[in-house]
Amino acid sequence: MAVTIPRVEINAVMDSYGQPWPPDGDSDSTTVRDAAAAIRRVVEGIVGGRFEDASRRVLMSKLADDLDALVDRVEERHANAMWSHTVGVNP
């Protein structure tokens, strides 16, 4: 089940890499995970031993990891909220 990722949280991750999230882009967990996977595919295609290539691979890999971690956090919060609502407990 896809959950909505708050734009402020996506923007915080993206801004730390100097890259904007598309203003009209979806912000659900499936889209964000798909973006991380697409970034990883690009990283796999970066070849070369130049410093710039290595630096780009590292930064893009870290961005993909950070996007996945963001989705994990939001999905966990959502699951905890749903569980709390179901059993009537405040998290």
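This is a predicted model: local features need pLDDT of at least 70, side-chain atom pairs count only at pLDDT 80 or more; totals for chains, interfaces and linings use all residues.
Started with V13: skipping its neighbours within four places in sequence, I find V13 in contact with L63, D66, L67 and L70.

Looked up where V13 sits, and it is in helix α1, residues 7-15. Checked the V13–L63 pair next: the two are 50 residues apart in sequence, yet their C-alpha atoms are 7.7 Å apart in space.

Is V13 buried or exposed? I get a relative accessible area of 10% for V13, which is under the 20% cut-off, so I log V13 as buried.

Moved on to the largest nonpolar core. I count 19 residues in it, and I5, I10, V32, I39 and L67 are the ones with the most contacts inside it. Three helices, α1, α2 (29-45) and α3 (51-87), each put in at least two residues of this core. Which helix gives the largest share? That is α3, with seven residues. Side note: nonpolar side chains tend to be buried together in soluble globular proteins.

Leaving out residues up to four places away in sequence, I see I10 touching I5, W21, S27, V32 and L70.

Last entry is S29, which lies in helix α2. Its relative accessible area comes out at 2%, so S29 goes down as buried too. What does the S29 side chain pair with in a polar contact? I find the side chain of E75, at 3.4 Å. With residues up to four places away in sequence not counted, S29 touches M1, A2, V3, I5 and V71 as well as E75.

Technical notes:
Residues are numbered from 1 along each chain as its sequence is written. Side-chain values use heavy atoms; hydrogens and water are left out. Helices (H or I, at least four residues) and strands (E, at least two) are DSSP runs, numbered from the N terminus. Buried means under 20% relative accessible area, exposed over 50%, partly exposed in between (1.4 Å probe, protein chains only). Contact means heavy atoms within 4.5 Å. A nonpolar core is a set of buried Ala, Val, Leu, Ile, Met, Phe, Trp, Tyr and Cys residues joined through side-chain atoms within 4.5 Å. A polar contact is a pair of N or O atoms within 3.5 Å; within protein, one must be able to donate a hydrogen and the other to accept it, and residues adjacent in sequence count only if both atoms are side-chain atoms.
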